[in-house]
Amino acid sequence: MSSASPSYKGHRYPVEIISHCVWLYFRFPLSYREAGELMLERGVVVSHETVRRWCAKFGQAYAGALRRRQPRPGGKWYLDEVFIKINGELKYLWRAVDADGTVLDILVQTRRDTAAARRFFRRLLKKTCSVPRVMVTDKLRSYGAAHRKVMPSVEHRSHKGLNHRAENSHQPTRQRERAMKGFCGVGGAQRFRSAFGGIPPRFRPRRHRMTATGYRAGMTVRFAIWDQITGAAGRPAEA
């Protein structure tokens, strides 16, 4: 296992089982019980609570490792925010993607005012370690005020019709949110969305632009990278 891989000390299940359960849960619209059921079909007995703990502990670590392997973000960033309900309370999900649709960052906040926009901008710059050439947002005035404070040298285009890329990026999250029937708290929502924004997109190449052979070859590479970042590559069959 590489030094960058998470520590599995104290876990009695092999790394291959842990990483596969986490992959199943985030890649497909499954509940913890359904992920455990799929493992049971393969002869592995694991409870839904164990799957939940694995996803909570390793999901963000895996997603972070995948993001570090991504190429540098493009020069045009698209930002958008949508409302979500957590325990009946209205919250806001802020999201940034680049021109290729790669998710740069996700943040759950209680407001969508200028202070919230500044917080998201600063977090985004720190996380990506880069500055965009162009920033595209909708017409929310908080973006303009935060832009003048945090990124005044960046070109800001505020137009609802130009921001479809960020708006479309919300759709998989919305679909998964409906399947999960919401979240119990802001912390849990942030952890899930951070992992969900990093893991599934790596296994959704633009298949309509690829031949069947190219698709299979690309997925083989992606699975090999997954084994590397989880620490499953090159390990013996038993932990």
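How much space lies in the largest pocket? About 1200 Å³. Hi everyone, let's start there, and please keep in mind that this is a predicted model.

The largest pocket is lined by 40 residues, and the closest to its centre are Gln70, Gly101, Thr102, Val103 and Pro201. If you sort the lining by class, you get 12 nonpolar, 14 polar and 14 charged residues. Several helices and strands each supply at least two residues of that lining, among them α1 (15-27), α3 (48-68), β2 (89-98), β3 (103-109) and α4 (114-128).

You'll find five strands in an open sheet, in the order β3-β2-β1-β4-β5, and the pairing is mixed. At the edges sit β3 and β5 (155-158), each pairing on one side only. On average, neighbouring strands are turned by 20° against each other, ignoring direction. α4 packs on this sheet, where the helix touches β1, β2, β3 and β4 (134-137). The direction of α4 makes about 145° with that of β3.

Let's look at one pairing in detail. β1, residues 76-86, runs antiparallel to β2, and the two pair over 10 bridges.

Last topic: aromatic rings. How many aromatic pairs does the structure hold? There are 17. My example is Phe121 with Tyr143: the ring centres are 6.3 Å apart and the planes are at 20°, so this pair is stacked. Phe121 belongs to helix α4 and Tyr143 to helix α5 (residues 141-150), so the pair ties together parts that are 22 residues apart in sequence. Thanks, everyone!

Terms used. Residues are numbered from 1 along each chain as its sequence is written. This is a predicted model: local features need pLDDT of at least 70, side-chain atom pairs count only at pLDDT 80 or more; totals for chains, interfaces and linings use all residues. Side-chain values use heavy atoms; hydrogens and water are left out. On a 1 Å grid over the protein atoms alone, a cavity is a set of points where a 1.4 Å probe fits but cannot get out, and a pocket is an open set with protein on both sides within 12 Å along at least five of seven lines; lining residues have an atom within 4 Å of a point. Grid points are joined across faces, edges and corners, and a volume is the space filled by probe spheres set on the points. Helices (H or I, at least four residues) and strands (E, at least two) are DSSP runs, numbered from the N terminus. Ala, Val, Leu, Ile, Met, Phe, Trp, Tyr, Cys and Pro count as nonpolar, Asp, Glu, Lys and Arg as charged, and the others, Gly among them, as polar. Two strands pair if DSSP finds at least two bridges between them. Axes are lines fitted to C-alpha atoms, for helices over the stretch in contact, and angles run from 0 to 180 degrees between N-to-C directions. Contact means heavy atoms within 4.5 Å. Rings of Phe, Tyr and Trp (its six-membered ring) pair if their centres lie within 6.5 Å; planes under 30 degrees apart count as stacked, over 60 as edge-to-face and the rest as tilted.
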